[in-house]
Amino acid sequence: MNASTASLGTERISKLLFRLTLPAVAAQLITFLYNAVDRMYVAKIENAGMDALAAIGIVLPVTLILQAFANLVGMGGAPRASMRLGEGNETEANGIFNTSALLLFTLSLLLGGACFLFARQIVQAFGCPPSALPYAEAYLKIYALGTPFVLAAQGLNPFITAQGFSLTAMISVLAGALLNVALDPLFIFVFDMGIKGASLATVLSQAVSCAWIAAFFLSKRSGFSFRFSQMKFDKARLKGILSLGISPFIMTATECAIQIVFNVNLRRATGGNGDYTAALTIMLSALQLISLPLNGMGYGMQPFVSYNYGRGDEKRLKEGIRAVTLEAFVFAAAVWGVSLAAPGMYAKMFSASDAVAEIVKKYTPLFLMGSIMFFVQMTLQNINVALGQAKSALALAILRKVIILIPLCFALAHFMGAKGVYLSEGIADLAAGTITANTFLVTFPKVFRTRAEEVAERK
C-alpha cells in the first residue's frame with residue numbers, strides 16, 4: 001500500500017479534507033469550463049449562434065448518457081477497490097480495476113456506434129427545434145467517434161482519486177480543458193468548421209486526458225496497473241461494481257431524462273421557439289456552476305470515506321463528513337445567493353441575444369431557487385455511495401428526478417407553459433433536498449455503528 005493511500009486513515013482531517021476536495025472541486029470546475037467554453041464560442045457563430053447554442057443543449061443529454069455509463073463503472077468500481085485497499089487486499093483491488101477497464105472499453109464501442117449511426121433520430125427524439133437540427137446532428141456524429149476516449153477518461157479517473165492522488169486526477173481533466181479552450185476558437189472560426197469544430201475540439205481534448213490517465217496507470221506511482229490476465233468479466237466483481245455504480249448511473253441518467261423532458265415540453269409550450277431552448281442551455285450552465293463543485297466535494301471525500309469505512313473507524317468518519325458538509329453548505333449558499341440576485345450575468349456570459357437574455361433574466365431565479373439544497377443532494381449522495389449503501393443511494397437518486405421532477409414538469413408545463421418548465425426544477429430541488437437531508441441524519445449513524453461492530457468482531 002502506498003503512503004498516499006495509508007494517509008487516508010492517519011492524516012489530520014482538516015489537512016486531508018483540503019488535499020482531497022480542492023483538486024476534486026477544481027476538476028469539476030474545469031469540467032464546467034469544458035462545457036461552458038463550447039457554449040460561449042458557438043453562441044458567437046455568425047447568423048447561427050442561438051441555433052447552435054440550442055443544438056448544444058439538445059446534445060447535452062446524449063453526453064450525459066455516456067457520462068452515466070462512465071460513472072456506472074468508475075464510481076462503482078473505484079469505491080469497491082478502495083474498500084479492498086482498506087482491508088489490505090491489494091490483489092482483489094487491482095482485479096476490480098482491470099475488470100472496470102475492460103467494461104469501459106466494451107461499452108464505448110457499443111454506445112459510440114449507436115450514437116453515430118442514429119444521430120439524427122436521437123436529436124429529433126430529444127426535442128430538437130427544426131432550426132437547430134443540422135447543427136445538433138453534426139455535433140453528435142463527431143462526438144460519437146470519440147466515445148472510447150470519453151468513457152476511458154471519465155471512468156478510469158476515479159481509480160486515481162481512490163488511491164489518494166486527487167491532484168493527479170485533477171491534472172488529467174485540466175490538461176484536456178486547456179486544450180479545449182485553445183482549439184475551440186481555432187477550429188470554429190479560423191478553420192471555419194462552425195459547430196463541427198467545437199465537437200472535434202472536445203473529442204481531441206478528451207483524448208489527451210485519456211493519454212494522461214493511461215500513462216499514470218503505467219507508472220510505478222500507481223497501486224493499480226493494467227494486467228491482461230485480470231481483464232475478464234468476473235461475475236462477482238461485475239456484481240459489486242454495478243450494484244454500487246447503479247446509483248451514480250441513475251443520478252446522471254436521470255439528469256439526461258429530465259433535460260429531454262424539459263426540451264420536449266418547451267417545444268410544445270412555445271411552438272418550437274429555439275430561444276427558450278437556448279435560454280435553458282444557459283440556465284443549465286448556471287445550475288452546473290453550483291452542482292459540479294459540490295459534487296466534487298463529495299467525490300473527493302470518497303477515498304477517505306471508503307477507506308475508513310473498510311477499517312470501521314466510526315469517529316474519523318463522523319468528523320470528516322461533518323467538516324465537508326459544512327464546507328459544502330457555505331459554498332452552495334454563496335453561489336446560490338449571487339445567482340438569484342444577478343441572473344442577467346449568465347446571459348452576458350454566453351453572449352445571448354436580447355430575446356434569449358430576457359428569458360434568462362425572467363426565469364433563472366425560479367429555475368435555481370432550490371439549488372441551495374445541492375449541498376446535501378450532491379455532496380452527501382456521493383458519500384453515501386462511498387459507504388457502500390447501494391439501495392439507499394439508488395432510492396435517493398431516483399427521488400429527485402423521476403418521482404418528483406418529471407411528473408411536476410409535465411403538470412406545470414400543461415397549466416403554466418414555459419414558466420412551469422423552469423419552475424419545476426426549483427420546486428423539485430427544494431423537496432428532494434429536504435427529504436434526502438432527513439434520510440441521512442437517520443441512516444448515517446446506524447451505518448457507522450454497524451460497520452465498527454463488524455470490524456471489532458473480526459478482530
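This is a predicted model: local features need pLDDT of at least 70, side-chain atom pairs count only at pLDDT 80 or more; totals for chains, interfaces and linings use all residues.
I'm calling a residue buried when its relative accessible area is under 20%, exposed when over 50%, and partly exposed in between.

I started with Lys401. Its relative accessible area is 2%, so I put Lys401 down as buried. Its side chain meets that of Glu425 in a salt bridge, 3.6 Å from N to O. The two residues are 24 apart and link distant parts of the chain, with Lys401 in helix H16 (residues 390-416) and Glu425 in helix H17. Glu425 is at 1% relative accessibility, so Glu425 is buried as well. I then followed the shared partners and got one network of salt bridges, joining Glu255, Arg400, Lys401, Glu425 and Asp429.

Glu11 and Arg19 pair through their side chains at 3.0 Å, N to O. Glu11 is buried at 15%, while Arg19 is partly exposed at 26%. Glu137 and Lys141 pair at 4.0 Å, N to O. Both sit in helix H6 (residues 133-145), 4 residues apart, which is about one turn of the helix. Here Glu137 is buried at 16% and Lys141 is partly exposed at 31%.

**H14 against H17**

Back to H17, residues 418-458. How do the axes of H14 and H17 cross? I find them coming within 7 Å and crossing at roughly 30°. Angles under 35 degrees count as roughly parallel, so I noted H14 and H17 as roughly parallel to each other. From H14, Ile359, Tyr363, Leu366 and Phe367 take part in the contact. On the H17 side I listed Lys419, Tyr422, Leu423, Glu425, Gly426 and Asp429.

Gln381 is in helix H15 (residues 374-386). Is it buried or exposed? At 1% relative accessibility, Gln381 is buried. Leaving out residues up to four places away in sequence, Gln381 touches Ser247, Met251, Val376, Ala393, Leu396, Ala397 and Phe440.

Ile122 belongs to helix H5 (residues 119-125). Its relative accessibility is 19%, and the cut-off is under 20%, so I count Ile122 as buried. Its contacts beyond four places in sequence are Val62, Ala114, Cys115 and Leu140. I also checked Val59: 63 residues from Ile122 in sequence, but 8.9 Å away in space, C-alpha to C-alpha.

**A surface patch**

Last, I looked at the outside. Leu186, Phe189, Val190, Phe191 and Met193 make up a nonpolar surface patch, with about 430 Å² of accessible area together. Phe191 lies in the loop between helix H8 (166-190) and helix H9 (195-217), and is partly exposed at 46%.

Methods. Residues are numbered from 1 along each chain as its sequence is written. Side-chain values use heavy atoms; hydrogens and water are left out. Patches are made of residues with over 30% relative accessible area and no salt bridge: like charges are joined within 9 Å, nonpolar side chains (Val, Leu, Ile, Met, Phe, Trp, Tyr) within 5 Å. Accessible areas come from the Shrake-Rupley method with a 1.4 Å probe; for residues, only the protein chains shown count as cover. Buried means under 20% relative accessible area, exposed over 50%, partly exposed in between (1.4 Å probe, protein chains only). Axes are lines fitted to C-alpha atoms, for helices over the stretch in contact, and angles run from 0 to 180 degrees between N-to-C directions. Angles under 35 degrees count as roughly parallel, over 145 as roughly antiparallel, 65 to 115 as roughly perpendicular and the rest as oblique. Contact means heavy atoms within 4.5 Å.
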